[in-house]
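Take a look at the chain below. Keep the sequence and the 3D view side by side as you read.

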Amino acid sequence: MRYVDGYVLPVPNKNLAAYRRMAKKAGTIWREHGAFEYRECVGNDLKVKFGVPFPRLAKAKPGETVVFSWIVFKSHGGRVNAKVMKDSRITDMCDPKSIPFDVKRMAWGGFKVLVDA
């Protein structure tokens, strides 16, 4: 059964280009280590009239947008993620001074696939 790690995070609009560069590198690394799919999506239609809008969920501030991301694995992503976190290309990108978003406001979790249509 496939497994998905999902992420929601606010990114300052001025940092979107830097975030995109970082995400492209990260996607390549995750795929090299066994992830089936890697997606990073930037908010576009976020002014919803029902439910909790992503900007409120992510505590986005003025001048920020929301990124919604997911990584798909064959099964639980633990082994792939362990390899990724030991990869120097990832650790080099994780300097808190150069990350283009506030890590403390990132939400993430692992999910078993319920429906795969």
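## Ground rules

This is a predicted model: local features need pLDDT of at least 70, side-chain atom pairs count only at pLDDT 80 or more, and totals for chains, interfaces and linings use all residues. Residues are numbered from 1 along each chain as its sequence is written, and side-chain values use heavy atoms, leaving out hydrogens and water.

Helices (H or I, at least four residues) and strands (E, at least two) are DSSP runs, numbered from the N terminus.

## Helix α1

Helix α1 covers residues 16-32, which is 17 residues. The expected span is 1.5 Å times one less than the number of residues. That gives 24 Å for α1, and its end C-alpha atoms are 24 Å apart, so the two agree.

Buried means under 20% relative accessible area, exposed over 50%, and partly exposed in between (1.4 Å probe, protein chains only). The buried residues of α1 are Y19, M22, A23, A26, G27, I29 and W30. They lie on the same side of α1, because they cover an arc of only 165 degrees around the axis. The arc is taken from the directions from the helix axis to the C-beta atoms. An α-helix has 3.6 residues a turn, so residues three or four places apart point the same way. The face turned away from the buried side carries the exposed residues R20, R21, K24 and K25. Just after α1, G34 takes a positive phi of about 125 degrees.

## The sheet

Four strands form an open sheet in the order β2-β3-β1-β4, with antiparallel pairing. Two strands pair if DSSP finds at least two bridges between them. The edge strands, β2 and β4 (107-112), each pair on one side only. β1 and β3 are joined by 10 bridges. Within that pairing, V4 stands opposite V72 in β3.

## A residue in β3

T65 sits in strand β3. Is T65 buried or exposed? T65 is buried, with a relative accessible area of 11%. Contact means heavy atoms within 4.5 Å. Leaving aside neighbours within four places in sequence, T65 is in contact with residues including L9, V11, L16 and V42.

## Aromatic pairs

Rings of Phe, Tyr and Trp (its six-membered ring) pair if their centres lie within 6.5 Å; planes under 30 degrees apart count as stacked, over 60 as edge-to-face and the rest as tilted. The count comes to five aromatic pairs. W30 and Y38 form a tilted pair, 6.0 Å centre to centre with 35 degrees between the planes. W30 is buried at 9% relative accessibility, and Y38 is buried at 15%.
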